[in-house]
There are 2 protein chains.
Amino acid sequence: MTTTTRWLNEREQRAWRLFVQACESVFAATDAQLIRDSGLPHGYYEILVHLSEAPGRALRMTQLATASAYSKSRLSHAVARLEERGWVERRDCPTDRRGQIAQLTDEGFAALAAAAPGHVEQVRRSLIDVLTPEQIEQLHEISAAIIAAGSGGSRACDEVHLD
Amino acid sequence: MTTTTRWLNEREQRAWRLFVQACESVFAATDAQLIRDSGLPHGYYEILVHLSEAPGRALRMTQLATASAYSKSRLSHAVARLEERGWVERRDCPTDRRGQIAQLTDEGFAALAAAAPGHVEQVRRSLIDVLTPEQIEQLHEISAAIIAAGSGGSRACDEVHLD
DNA sequence: GACAGTTTGTTGAACAATCAACAACTAGCA
DNA sequence: TGCTAGTTGTTGATTGTTCAACAAACTGTC
């Protein structure tokens, strides 16, 4: 069981810590702005965004869950909340009797439209306007590399034997 | 009141969405690894890390809250959970009768020591080993710029070790 | 000492996320 | 038809976070 852990060197550790801190900073700011200005938690905002971009402003639950990176359960609870507020409505799916279709209401669209400008401004303040165009390009490629690694290598843990 | 919103152009929007997705990917993977391997939510891991590095493996609640970027309430609930698991103990502060001191137990230290190598490995898989040394340097500077921009209106920074 | 103001930490309620279990339905196949 | 397997979406329980309210203790001033 004498496993040699490849600890992070100083440069790596600093990058990791700063990255974590930067993410916290950005998301704390954007979440706070959304809640403050429109009572929308960030995840709910994304749900409304995806609905607003769908044809007919409606999506089946599973599609919406995939688009928003939500579990079915989480989405079900979330849509229940949004329905209580009158921003989303559930309908039966005509082609599959198991299916439910989430439809953005006019009120929901209005809430989204009201929230969007402030959200974009906050994203600018927290991230975009803080970086040079070159850095934005770098961040784009770094993010793509991270995502590519995450989608393929998530099960690698099981194959790692430490000895 | 009708100021024209500076919407994101296509390049900026792609960078923002990819960044969000990359962060979700990294933190979902590291959180999942911690919970799977040691039952530790990420925030709790950080609490134990800070305690482990404090003199006597003990800190007053307020200091611990500051170090972990936790609110007092959140920390109070969290320490209550950790106490139930036997990883932390509360003591009265000898110099201030309002005070409570959170002390890491031997079991808590053992749990932390068991969790650390897997955590580091996951950070490598999700982030460090995915990027070139040059990209790590870029990410470092990007993160620093983000933090510098955000620190104007946000809270004090924390120190993270044992990553 | 008395007293106003602040700090410390806890509590309970409300909200959010996760997980396992479940019913309802569809699809494939004999 | 009848059977098995997989999909869809919901529910309830558990855990974690936030918020407002609170009691206890400290500080500084008179």
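## Around DNA strand C

Sorted by class, the surface near DNA strand C holds three nonpolar, ten polar and nine charged residues. Here Ala, Val, Leu, Ile, Met, Phe, Trp, Tyr, Cys and Pro count as nonpolar, Asp, Glu, Lys and Arg as charged, and the others, Gly among them, as polar. This is a predicted model, where local features need pLDDT of at least 70, side-chain atom pairs count only at pLDDT 80 or more, and totals for chains, interfaces and linings use all residues. Residues are numbered from 1 along each chain as its sequence is written, with chains lettered from A and ligands numbered from 1 in the order in which they are written.

There are 22 residues around DNA strand C, and the nearest are Ser73(A), Arg97(A), Thr62(B), Ser73(B) and Ser76(B); "near" means a C-beta atom, placed from the backbone, within 6 Å. α4(A) provides the largest share, five residues. Helices are DSSP runs of H or I, at least four residues, numbered from the N terminus.

## Around DNA strand D

DNA strand D has 24 residues around it, with Thr62(A), Ser73(A), Ser76(A), Ser73(B) and Arg97(B) the closest. The class count on this surface is five nonpolar, ten polar and nine charged.

## Where the chains meet

On the protein side, 47 residues of chain B are in contact with 49 of chain A, contact being C-beta atoms, placed from the backbone, within 7 Å. α1(B) gives the most to chain B's side, 15 residues. That side has 27 nonpolar, eleven polar and nine charged residues.

As for α1(B) itself, this helix covers residues 10-38, and just after it Gly39(B) takes a positive phi of about 65°.

Conventions
Helix = DSSP H or I, 4+ residues; strand = E, 2+ residues; numbered from the N terminus. Expected span 1.5 Å × (residues − 1). Contact = placed C-beta atoms within 7 Å.
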